[in-house]
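Please keep the sequence and the model in view while going through the numbered points.

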Amino acid sequence: MRLVTAYSQTVAGHTYAFDHLVEVLAKASPRRSGDELAGCAAQTDAERAAAQWVLADVELTEILETPVIAYEDDEVTRLILDRHDADAFAPISHLSVGGLRDHLLDVASTPDSAARLTALAPGLTPEMVAAVSKLMGNGDLIAVARATEVVTAFRSTIGQRGRLATRLQPNHPTDDARGVAAAVLDGLLLGCGDAVIGINPATDSTHAAGELLRLLDDVRTRYDIPTQSCVLNHVTSSIELIEQGAPVDLVFQSVAGTEAANRGFGIDLAVLGEAREAALSLGRGTVGDNVMYFETGQGSALSADAHRGVGGRPVDQQTLETRGYAVARAFDPLLVNTVVGFIGPEYLADGKQIIRAGLEDHACGKLLGLPMGVDVCYTNHAEADADDMETLLTVLGAGGLGFVITVPGSDDVMLGYQSLAFHDVLSLRHILGLRAAPEFEQWLDRVGLLDDLGRVAAVAAGETRLAALVAP
Amino acid sequence: MSGGSATPALDFWEPLRSATQARIGLGRAGDALTTRDRLALRSAHAVARDAVHLPWDLDALERGVAALDLAVAHVRSRADDRATYLRRPDLGREPASLADVPGADEGTYDVAIVLADGLSAAAHDHHAVPLVQAVVGRTRAADLSLAPVVLATQARVGLGDPVGAHLGATTVIVVVGERPGLSVADSLGAYLTHLPRPGRRDSERNCVSNIREPHGLDYDRAAEILLGLVVGARRLGESGVRLKDRSVAPPPELG
């Protein structure tokens with residue numbers, strides 16, 4: 001442990017001092033409104049630059065020995081440290097954060113990068129990964145994410161190189177069955193739904209969730225679609241639904257990077273483990289048994305006033321977000337996505353901050369070995385628009401993104417925000433030569449939705465056999 | 001599917017549009033959206049952004065409220081402008097000054113109404129005065145006393161705590177412009193807090209949302225629910241999670 005004012009750096013004749021690693025991490029973060037709101041952001045650009053110089057020289061072993069939230073105070077810290085793989089860490093244990101950045105970019109340039117990064121992942125802690133990301137430019141984040149390959153499976157296979165999967169999100173303000181079915185049909189006809197068909201329910205009623213699960217399961221079995229369904233309710237509701245015999249494919253939960261924030265979600269690690277066991281007991285997967293689906297997002301801990309670390313210091317939102325990935329990876333999820341622009345401008349103010357955060361979350365999740373997707377999205381009170389989302393989608397696609405969220409015409413009429421349109425994915429798959437999940441792609445072909453070049457054809461909805469899905 | 005407006009492909013979707021407001025069945029220009037649909041999205045976004053960024057019509061609101069035979073007072077939050085307001089929710093919960101709001105001892109008034117601009121000026125411009133009229137009608141009928149109505153600019157729900165305490169109100173109702181979506185940019189929310197004072201948590205409030213006519217919760221129904229909550233809070237001695245609005249509780253089979 002270092003003494004007070006342990007870190008300092010001079011930039012342009014001014015010396016900046018930082019009293020703890022938590023402060024260095026926060027002040028080294030690229031500017032964002034959430035850290036300013038928390039009061040932990042750098043005051044000036046020069047202070048930020050100084051913090052980055054300091055962070056570059058921090059040894060990885062020092063990060064391991066200096067938890068941002070105390071071991072005895074937080075079960076997420078205990079999870080991170082208790083599960084740290086010393087053997088996987090050994091090859092990089094001599095490095096500083098700056099050295100790790102150089103190492104990762106070096107590995108990323110080699111042909112066997114995916115295998116090497118997969119082997120390294122258990123040796124990395126979220127704090128190391130968050131730290132190194134703060135020294136990376138957007139291009140570095142894309143290069144490193146692109147070098148990983150994280151493959152998971154249930155009825156479809158997610159994350160293979162050259163594939164981009166989609167969550168089809170057919171939300172409806174009152175969970176109207178016909179309205180939901182119409183959105184499902186729309187998405188399927190545009191080649192979406194291979195990662196999951198997943199609904200955010202309008203109420204927290206377990207009964208209503210059961211009805212939605214049966215609706216989605218009927219659609220899937222009727223057309224033999226190789227995908228999975230999910231109703232995104234609380235993990236305890238999913239356990240109840242499994243006990244009632246409902247067709248639960250994936251168990252969903254929002255997770256965050258502190259024990260206190262997770263308590264705010266009404267969860268702890270034990271209940272996530274219980275839910276996973278319950279879902280596994282159903283044996284519903286065909287090509288794999290990854291049964292968990294998690295969502296995260298920078299700012300969730302701060303919004304729950306659960307963002308403080310050692311000595312009461314506010315921890316920056318990107319480090320806390322990355323700690324949430326340690327929670328996710330303990331449960332072998334099929335899917336993890338950051339809902340990057342959903343939380344609002346007090347956490348990510350504008351298109352620039354949302355794009356940066358999306359690239360950070362994607363790269364950090366992948367480095368930790370997660371099947372990472374992104375809800376490329378924004379709200380109407382942020383300084384962002386559809387152009388920013390198309391830019392973010394394209395750079396994430398270049399980085400080998402696993403999956404994205406898609407809704408009809410980019411407009412989620414239930415949650416009141418904008419994500420991607422089904423059309424956006426068609427465009428990006430064409431631009432970057434990406435394809436749907438393999439089992440789903442074969443299904444698209446079987447039902448006549450692909451043209452001779454293997455692309456999703458423009459068909460008349462009423463002339464496909466899927467049209468019966470919305471028959472009165 | 002083609003992007004034309006009268007093709008058989010589009011006709012397929014027409015009956016389904018009564019089941020959802022979602023933008024289903026949009027045509028393709030290659031892989032992309034058609035020009036029409038792209039511009040429709042842009043204009044909806046523009047309306048939503050204007051609802052957030054354009055100032056509300058304070059003069060019209062003041063005239064409308066005064067015409068209901070109510071005293072009116074003004075307050076601004078510590079967020080000086082919209083850009084600050086959007087990034088600093090903490091400042092939007094604190095008054096810059098209460099000098100223009102009449103102070104009174106605790107318990108002087110039964111109910112105070114605070115109109116907080118929130119995230120939609122359009123919501124207030126369209127719905128605030130008739131909603132206040134409906135609430136005031138029921139408040140007076142219940143023989144409850146009303147504090148001056150406060151118009152709060154660059155304000156969030158939490159601003160009602162210091163304002164309500166300063167007014168000497170037992171219960172404060174903050175009517176706030178809700179975050180606009182692409183389909184709805186002008187809905188109001190109403191948050192009720194019993195015994196308002198700085199430091200109240202969100203779990204100590206009750207909320208009635210999506211108030212707008214004709215497609216949301218109508219003014220009379222919203223006022224009825226709010227008065228039910230006022231009476232319930234006075235009986236229980238608190239608002240929040242323990243105070244349930246039984247008049248809108250879902251039927252048992254829906255949990």
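1. The meeting of the two chains. In this predicted model, 38 residues of chain B are in contact with 56 residues of chain A. Three residues of chain B deserve attention here: Asp31(B), Arg87(B) and Arg179(B) supply 19% of the area that chain B buries against chain A, more than any other three residues. The two chains bury about 3,700 Å² between them, and 55% of this area is on carbon and sulfur atoms.

2. How many salt bridges does the rule find across the interface of chain B and chain A? The rule finds six. In one salt bridge, the side chain of Arg87(B) meets that of Glu36(A), at 4.0 Å from N to O. The interface of chain B and chain A also holds 15 residue pairs in polar contact, with both residues at pLDDT 80 or more.

3. The elements of chain B that take part. Four helices of chain B each give two or more residues to the side that touches chain A: H1 (8–13), H2 (35–53), H4 (82–87) and H5 (89–92). The largest share of that side, seven residues, comes from H2(B).

4. Chain B as a whole. The secondary structure of chain B consists of eight helices and six strands, and along the sequence these follow the pattern α-α-α-β-α-α-β-α-β-α-β-β-β-α. Along the principal axes, the C-alpha atoms of chain B fill a box of roughly 70 × 45 × 35 Å. Of the 255 residues in chain B, 51% are buried. Among contacts in chain B with a separation of 6 or more, 68% are between residues 24 or more positions apart.

5. A ring with two charges. Which charged ends sit over the ring of Tyr85(B)? One belongs to Arg82(B), at 4.2 Å from the ring centre. Another belongs to Arg156(B), at 4.5 Å from the centre of the ring of Tyr85(B).

6. An aromatic pair in chain A. A search of the whole structure finds five aromatic pairs over all chains. One of them is formed by Phe440(A) and Trp443(A); this pair is tilted, with 5.4 Å from centre to centre and 40 degrees between the planes. Both residues lie in helix H21 (residues 438–446) of chain A, three residues apart, which is about one turn of the helix. An α-helix has 3.6 residues a turn, so residues three or four places apart point the same way. Phe440(A) counts as buried because its relative accessibility is 0%, and Trp443(A) counts as buried because its relative accessibility is 1%.

7. Helix H5 of chain A. Which residues of helix H5 (residues 75–82) of chain A are buried? They are Glu75(A), Val76(A), Thr77(A), Leu79(A) and Ile80(A). The cover over these buried residues includes four helices of chain A: H9 (126–135), H14 (259–264), H15 (269–282) and H17 (317–329). At the start of H5(A), a side-chain oxygen of Asp74(A) comes to within 2.7 Å of the backbone nitrogen of Val76(A).

8. A buried arginine. Is Arg429(A), with its relative accessible area of 8%, buried or exposed? Arg429(A) is buried, because 8% falls under the 20% limit for a buried residue. Arg429(A) has its place in helix H20 (residues 422–432) of chain A. Leaving aside residues up to four places away in sequence, Arg429(A) touches Leu164(A), Ala165(A), Thr166(A), Gly191(A), Asp194(A), Leu434(A), Arg435(A) and Ala436(A).

Notes. Residues numbered from 1 in each chain as written. Chains lettered and ligands numbered in written order. Heavy atoms only, no water. Buried < 20%, exposed > 50% of the residue type's maximum accessible area, 1.4 Å probe, protein only. Contact = heavy atoms within 4.5 Å. Polar contact = N/O pair within 3.5 Å; in protein donor to acceptor, adjacent residues only side chain to side chain. Phe/Tyr/Trp six-rings, centres within 6.5 Å; stacked < 30°, edge-to-face > 60°. Lys NZ or Arg CZ within 6 Å of the ring centre and 35° of its normal. Buried area = accessible area lost by both parts, 1.4 Å probe.
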